[in-house]
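The following paragraphs lead through the fold, the surface and the aromatic side chains of the structure shown here.

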Amino acid sequence: MTTPPAPPIALTPLVACDPSTEAETLWHIALHVPELRRWIVANPSADAAILEFISQAGGPGVRQSLEILLESLEDE
């Protein structure tokens, strides 16, 4: 879970929010690329464990992303 993904994956916002991105890659991003954590919050396949980690670890834009996610859940 803590080893980087095999090349040629470039870690980008698109990879972080893509529902087809493997969980291992999402965890690598969450652990090692704080500037992309907010994009994982937008990933519909991100599970509760990774969202909890991200909420505790923080990072640029994380709080705002989590607020948007929670607001969207209230609207349902």
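A residue is called buried when its relative accessible area is under 20%, exposed when over 50%, and partly exposed in between, with a 1.4 Å probe and protein chains only. This is a predicted model, in which local features need pLDDT of at least 70 and side-chain atom pairs count only at pLDDT 80 or more, while totals for chains, interfaces and linings use all residues. Residues are numbered from 1 along each chain as its sequence is written, and side-chain values use heavy atoms, without hydrogens and water.

The chain contains five helices and zero strands, where helices (H or I, at least four residues) and strands (E, at least two) are DSSP runs numbered from the N terminus. The C-alpha trace spans about 40 × 25 × 20 Å along its principal axes. Of the contacts (heavy atoms within 4.5 Å) with a separation of 6 or more, 40% are between residues 24 or more positions apart.

Of the 76 residues in the chain, 30% are buried. The accessible surface, from the Shrake-Rupley method with a 1.4 Å probe, comes to about 4900 Å², and carbon and sulfur atoms provide 60% of this area.

One aromatic pair is present in the structure. Rings of Phe, Tyr and Trp (its six-membered ring) pair if their centres lie within 6.5 Å; planes under 30 degrees apart count as stacked, over 60 as edge-to-face and the rest as tilted. The ring centres of Trp 27 and Phe 53 are 5.7 Å apart and the planes stand at 55°, so this pair is tilted. The pair links distant parts of the chain, 26 residues apart: Trp 27 lies in helix H2 (residues 23–32) and Phe 53 in helix H4 (residues 48–57). Trp 27 counts as buried because its relative accessibility is 17%, whereas Phe 53, at 26%, counts as partly exposed.
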